[in-house]
Amino acid sequence: MLVSPLVALEGLYHHTLSRVPTLPSKSERLSLPEERLRLRWWMSLEQPPVPYVQPVWSWTAAVYVLKVFMRTSDYRDDSPMGLTLADGVARQWSSELEQQGAPRLRGPERLALTVWLTRHWSAEDLVMHELQHRSLFQQHDSVFDAARSVFGKEWAELDLASIALLKAFINAPSRCNPWCAPERSLRKRDSLLRAAHSNTDITLEELEEALRTRPLLAPRPKHWASCENSRLGDTWNSATPP
């Protein structure tokens with residue numbers, strides 16, 4: 001009895017996906033060991049952690065919708081692994097298509113693209129797309145560019161503490177701006193680090209060393225908007241600690 005609805009749902013998915021003008025291509029993967037180490041750190045700071053992507057099939061969607069309809073206690077925690085990451089890539093791709101002159105993807109088309117991503121991309125593929133395409137204040141084309149502006153360093157030169165601070169900044173550019181809200185951004189950095197340790201993604205030694213590390217920022221880019229509602233003197237002392 002369930003076969004026909006599932007076949008119809010799969011047909012609807014393919015029909016909706018066909019309305020996406022162009023499907024995204026996977027970004028080139030990092031190859032150098034020092035670059036891949038930073039990628040591992042970045043992925044370990046994802047909240048909630050996404051060690052893999054669970055493909056969304058017709059029956060997967062049907063079971064999830066049924067749980068939502070029945071309001072089971074765990075349906076919010078039972079969404080397919082990696083779905084949020086895939087949705088982020090789909091939204092970013094929709095914006096890129098619009099910048100190229102194509103119509104912005106509507107909700108059903110973006111959902112179909114999200115499903116397609118879960119079936120064809122790994123967690124690393126999704127994260128690499130974020131690193132290559134995530135903008136910051138519309139000033140950068142990638143997280144790698146943002147790293148140069150925030151720390152004056154290349155991606156492969158960042159330590160774990162810097163990766164965590166950059167992650168906090170990218171996730172909440174206004175609330176966790178390290179120049180305008182240093183104390184808040186530091187608290188968020190430490191929260192991400194502790195969560196990564198609780199998930200056994202980083203060792204206790206890595207955690208303790210990162211928590212002790214004092215942020216050392218590059219001068220704030222002059223072309224960025226000035227800090228609003230920032231407290232005078234609310235900045236880090238970058239001098240060597242006593």
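This is a predicted model: local features need pLDDT of at least 70, side-chain atom pairs count only at pLDDT 80 or more; totals for chains, interfaces and linings use all residues.
Local features were assigned only at pLDDT of at least 70 and side-chain atom pairs only at pLDDT 80 or more, whereas totals for chains, interfaces and linings use all residues. Residues are numbered from 1 along each chain as its sequence is written, and side-chain values use heavy atoms, without hydrogens or water.

The chain contains ten helices and zero strands (DSSP runs numbered from the N terminus; helices are H or I with at least four residues, strands E with at least two). Of the 242 residues, 41% are buried (under 20% relative accessible area with a 1.4 Å probe, protein chains only; exposed is over 50%, partly exposed in between). Among contacts (heavy atoms within 4.5 Å) with a separation of 6 or more, 70% join residues 24 or more positions apart.

Helix H1 spans residues 3-17. Glu10, Tyr13, Thr16 and Leu17 of H1 are buried. These residues lie on the same side of H1 because they cover an arc of only 130° around the axis (taken from the directions from the helix axis to the C-beta atoms). Ser4 and Val7, on the other side of H1, are exposed.

When residues up to four places away in sequence are not counted, Leu126 touches Val53, Gly82, Leu85, Ala86, Val89, Leu117 and Trp121.

Note on methods: The expected span of a helix is 1.5 Å times one less than its number of residues.
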